[in-house]
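Dear colleague,

I am handing over the structure below, and after it I set out what was found. Please read the notes with the coordinates open beside them.

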Amino acid sequence: KCIVDSGASHTYATAGVPLTDVRPGRGHVTVATGKSEPIAEIGTLGALRDVRRVMSFTRTLVGVRDLVDQFDSVTF
């Protein structure tokens, strides 16, 4: 299960989500509490490219920006 998040800067996967084409992550993401969490790796999740894995996340966040960038539009 995931959350479609209009405020997320990218798409973020939890530790248990299987990614393909995995490569080392780089950088950090700042969460709502102000804490900085490391990006462990980056990969593909289904049709979504460049999904960032954050080990501390408990839900996968699908960024609306990524959907628009990769598929040209989003309809709710």
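D72 lies in the segment after α1, where helices (H or I, at least four residues) and strands (E, at least two) are DSSP runs, numbered from the N terminus. Please bear in mind that this is a predicted model, in which local features need pLDDT of at least 70 and side-chain atom pairs count only at pLDDT 80 or more, whereas totals for chains, interfaces and linings use all residues. Residues are numbered from 1 along each chain as its sequence is written, and side-chain values use heavy atoms, with hydrogens and water left out.

The phi of D72 is positive, near 75°, in a residue other than glycine, and D72 counts as exposed because its relative accessibility is 69% (buried means under 20% relative accessible area, exposed over 50%, partly exposed in between, with a 1.4 Å probe and protein chains only). For context, most residues other than glycine have a negative phi. D21, in strand β3 (residues 20-24), also has a positive phi, near 50°, and at 59% relative accessibility D21 counts as exposed.

Turning to the helix, α1 covers residues 64-71, and its buried residues are V64, D66, L67 and Q70. Seen down the axis of α1, these buried residues fall within an arc of 160°, so they line one face of the helix; the arc is that of the directions from the helix axis to the C-beta atoms. R65 and D69 are exposed and sit on the face of α1 turned away from its buried side. The buried residues of α1 pack against β1 (2-5), β7 (48-53) and β8 (60-63), contact meaning heavy atoms within 4.5 Å.

Strand β8 also holds T60, which counts as buried because its relative accessibility is 5%. Leaving aside residues up to four places away in sequence, T60 touches K1, C2, I3, Y12, A13, T14, V17 and L45.

Finally, the count of aromatic pairs comes to one, where rings of Phe, Tyr and Trp (its six-membered ring) pair if their centres lie within 6.5 Å, and planes under 30 degrees apart count as stacked, over 60 as edge-to-face and the rest as tilted. The pair is formed by Y12 and F57, edge-to-face, with 5.8 Å centre to centre and 65° between the planes. Y12 lies in strand β2 (residues 12-13) and F57 in the loop between β7 and β8, so the pair ties together parts that are 45 residues apart in sequence. Both Y12 and F57 are buried.

With kind regards
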